[in-house]
Amino acid sequence: MAYAIDLFCGAGGCSEGLIQAGFDILFSSDISDMVEVTYRHRHEQLGLHQGYNTWFERSDIRNLKGDYIWNAIKSLEWFNNGERKCPKDIDLIIGGPSCQGFSRAGRRKKDDPRNMLFGEYVRIINEIRPRYIVLENVEGFMDMQFIGYVGITGIHYEDGSITPNILRNELKEIGYQTLEPKILNAVDFGVPQRRNRAIFIGFRDGEKKPKYPTPITSNSQLTLQDAISDLITDTSIRNEIKESKYQKECKKGRTPNINGKPIPVGDKLTCTELPNVTEIVSERFSLFKQGESGSNLRKRVKTEGIDISDKPALLALCTEKLNKSKKEIIKSFKNGNVSDDEIDVLLTKKNIRQRWNALQPSATILSIADDYISPWEARTFSVREMARCQSFDDSFEFLGKRTTGGLLRRTEIPQYTQVGNAVPPLLAKAVVSEIKKCI
């Protein structure tokens, strides 16, 4: 038996990897009520029932105490009915504390409460005393700085101290050795996405030293076509592309339930709703070539020209905004004889849009998918397509609002954000499988 705790668990990317690697998750926690709905639903699917064989606590980590976590674990029914023996040690704690309070460029306030999350994670480790720990974070974690940080043992660190150095020293103070932090790219571990994550592994004094996983697909990276070509809505395009092994695995399921059997996707695939776009936006998307960004498209318009004679909505918009006839507009854009202001009308000033290349891995999945364009169709992606790029099983259902906007993005965690914030399950599996070997 191998037992784990998943903190800052989000929708459950790390948890999926833990279960695939053979860990039982006894306790997990996140602050978001929207995340909780998705996370607990998934665990019910897997036969992990609240209070029986697992415990989820919606809480700010600052309010979580080691004693509370241990009491929740000891209260689980399967430890009290003789089905399982309650462990004396937790084998692994995994988590990704929020990094917004770190400083990479410029200085932040010394009392920024987000700085505390990092220390709270170390505090929980000290109170639980797991055999192994994993911390994952953004790539910038490697050179981020703390401002005015005081460790849990009272050590005052100089402003500008590098985060990994602080973490290693803090863990050493409480009896943990650490590996040198490392950046792993999800694409090297069977995920059809270029996504770098900083991974930090520690182990309690006296435990066997683990290692980082070895890339398994660095020479044969999965592509966007491998990931989602079966989800193309245009059947004439979809039927021309053979179903990939990766797609079959997503449908069959990789994460086993409590009885050791993966959960296949049901009769109806969920989370496939596509964002509504206007005719203008759809035509605008169609101007992009595969792999082309907004800035590159602007350059192409000026150097090569572009034919918009078959874009009636964009033509009507340009006619209205530029006070020219359709004939003049078509000629100007075809010759590339247009100003930046005229291109702004055609494309908007937004340059971060990009049409992905079908034969390359996806770019990093973010929490807002408004600016990713499908290689095959003039549209953005569904939550399911994003989840495929993250290596979630098709049976994994993301619940709650599909998306949100404006100031609500500061507090709400809808489906797109749940997917974008997650650690790819196959990356998590690769990391924790190395720890499983040591247990």
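Two residues are in contact when heavy atoms of one lie within 4.5 Å of heavy atoms of the other. The views below show parts of a predicted model.

**View 1. Glutamine 418 and its surroundings.** By that contact rule, and leaving out residues up to four places away in sequence, glutamine 418 touches Ala11, Met34, Val35, Thr38, Phe398, Leu399 and Ile413. Glutamine 418 belongs to helix H16, which covers residues 415-421. Its relative accessibility is 2%, so glutamine 418 counts as buried. Two backbone oxygens are shown beside its side chain. The backbone oxygen of isoleucine 413 is 3.0 Å from a polar atom of that side chain, and the backbone oxygen of leucine 399 is reached by the side chain at 3.3 Å.

**View 2. The two faces of helix H11.** Helix H11 spans residues 294-303, and its buried residues are Gly294, Leu297, Arg298, Arg300 and Val301. Seen down the axis of H11, these buried residues fall within an arc of 160 degrees, so they line one face of the helix. The face turned away from the buried side carries the exposed residues Lys299 and Thr303. Helix H13 (326-335) and helix H14 (340-347) are among the elements that cover the buried residues of H11. Just after H11, glycine 305 has a positive phi of about 80 degrees.

View 3. Arginine 123 and glutamate 127 form a salt bridge, with their closest N and O atoms 3.1 Å apart. The two residues are four residues apart in helix H5 (residues 115-128), so about one helical turn separates them. Arginine 123 counts as buried at 13% relative accessibility, whereas glutamate 127 counts as partly exposed at 34%.

View 4. Lysine 302 forms a salt bridge with aspartate 340, and the closest N and O atoms are 2.7 Å apart. This pair links distant parts of the chain, as lysine 302 in helix H11 and aspartate 340 in helix H14 are 38 residues apart. Both partners are partly exposed: lysine 302 has a relative accessible area of 40%, and aspartate 340 has a relative accessibility of 42%.

**View 5. A salt bridge between two loops.** The side chains of aspartate 371 and lysine 350 meet in a salt bridge at 3.1 Å, N to O. Aspartate 371 is in the loop between strand S11 (354-355) and strand S12 (372-373), and lysine 350 is in the loop between H14 and S11. Aspartate 371 is buried, with a relative accessible area of 12%, while lysine 350 is partly exposed at 35% relative accessibility.

Notes:
Residues numbered from 1 in each chain as written. Predicted model: local features only at pLDDT ≥ 70, side-chain atom pairs only at ≥ 80, totals over all residues. Heavy atoms only, no water. Buried < 20%, exposed > 50% of the residue type's maximum accessible area, 1.4 Å probe, protein only. Polar contact = N/O pair within 3.5 Å; in protein donor to acceptor, adjacent residues only side chain to side chain. Arc of directions from axis to C-beta. Salt bridge = Lys/Arg side-chain N within 4 Å of Asp/Glu carboxyl O.
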